[in-house]
Amino acid sequence: MRPRRSSGAPPPLEAGALAAPAQRPNVPWVSTILAAAAELFQERLCRRLLDAGYEAPTEITSPTALDEFLHECTQATLVLTGGDWPAPRPFLRVAVRAAAPTIVLLNAATRRVEQMALGEGAQAALDADGPARSLTAAVAAVRAGLIVLDKPLRPISRALDPDSLDAEAAPFATAPRLARPLTAREQEILSLVAGGISNKGVARALAVSTNTVKFHLAAVFEKLAVTTRAEAVAEAIRRGDLSL
């Protein structure tokens, strides 16, 4: 029987090299929370983590319990959730409100569903049946402040058939046709923002003033109809304006 922990701060992952599967990834500051309602899916995700070299995670089965846990937890926390979309959405929203980086592992993942997860605030959206090394790579990328999309990026208008989408998904197909494109400078700034760089850091990297960075970000927010940096990155990826 693998250990189950439903309360208290989870133990940190043990440090180790990434080269050998038997060793644990070098992420000692991250505590892993596995949040999903379906027990069978939890078992699959737990097996994925163990295959990737991680210690058995804390398992939580309801959004309310996840909310309470994240508010009490004093360690940096990575949340993994998933299943058949939109089942993971309540867990994802709780994690986003708590500012906990979240990876969504999806059954029968499609580009559209992965983009919907990113649009809800996930840092990574992957196929639940992908190889263990993909999960390890996604964890490393999320730690670095990157956004991870499993499917190849391509213009959304060619990736989706509007006639096959339901009402909830329709905006993902129609928005790019009406959207104003980002300029090369706006894409450059947003790419740095996606890497977790502050406005001052972006200004130093591009040899411009902080006010110039803020001006361009304000234009990005307006074009993408978003209000936060994370939303801007997710929306730009969804539209095909940004590739990481």
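Ala, Val, Leu, Ile, Met, Phe, Trp, Tyr, Cys and Pro are counted here as nonpolar, Asp, Glu, Lys and Arg as charged, and the others, Gly among them, as polar. The model is predicted; local features need pLDDT of at least 70, side-chain atom pairs count only at pLDDT 80 or more, and totals for chains, interfaces and linings use all residues. Residues are numbered from 1 along each chain as its sequence is written, and side-chain values use heavy atoms, with hydrogens and water left out.

The lining of the largest pocket comprises 18 nonpolar, nine polar and four charged residues. A pocket is an open set of points on a 1 Å grid over the protein atoms alone, where a 1.4 Å probe fits, with protein on both sides within 12 Å along at least five of seven lines; lining residues have an atom within 4 Å of a point. The volume of the largest pocket is about 550 Å³, taken as the space filled by probe spheres set on the points, which are joined across faces, edges and corners. Its lining holds 31 residues, and Pro101, Gly121, Gln123, Ile147 and Ala230 lie closest to the centre. Two or more lining residues come from each of strand E3 (77–83) and helices H4 (111–119), H5 (132–143), H8 (184–194) and H11 (229–239). H11 gives the largest share, five residues. Helices (H or I, at least four residues) and strands (E, at least two) are DSSP runs, numbered from the N terminus.

Seven salt bridges are present. A salt bridge is a side-chain nitrogen of Lys or Arg within 4 Å of a carboxyl oxygen of Asp or Glu. Arg93 pairs with Glu120 at 3.0 Å, N to O. Arg93 sits in helix H3 (residues 89–97), while Glu120 is in the loop between H4 and strand E5 (124–127), 27 residues apart. Arg93 is partly exposed at 40% relative accessibility, as is Glu120 at 22%; the class lies between buried (under 20% relative accessible area) and exposed (over 50%), with a 1.4 Å probe and protein chains only. Arg89 joins Arg93 and Glu120 in a network of salt bridges.

Lys223 bridges to Glu186, with the closest N and O atoms 2.9 Å apart. Lys223 belongs to helix H10 (residues 210–224) and Glu186 to helix H8, so the pair ties together parts 37 residues apart in sequence. Lys223 is buried at 15%, and Glu186 is buried at 5%.

Within helix H11, Glu235 and Arg238 are three residues apart, or about one helical turn. Their side chains form a salt bridge at 2.4 Å, N to O. Glu235 is buried at 17%, and Arg238 is buried at 5%.
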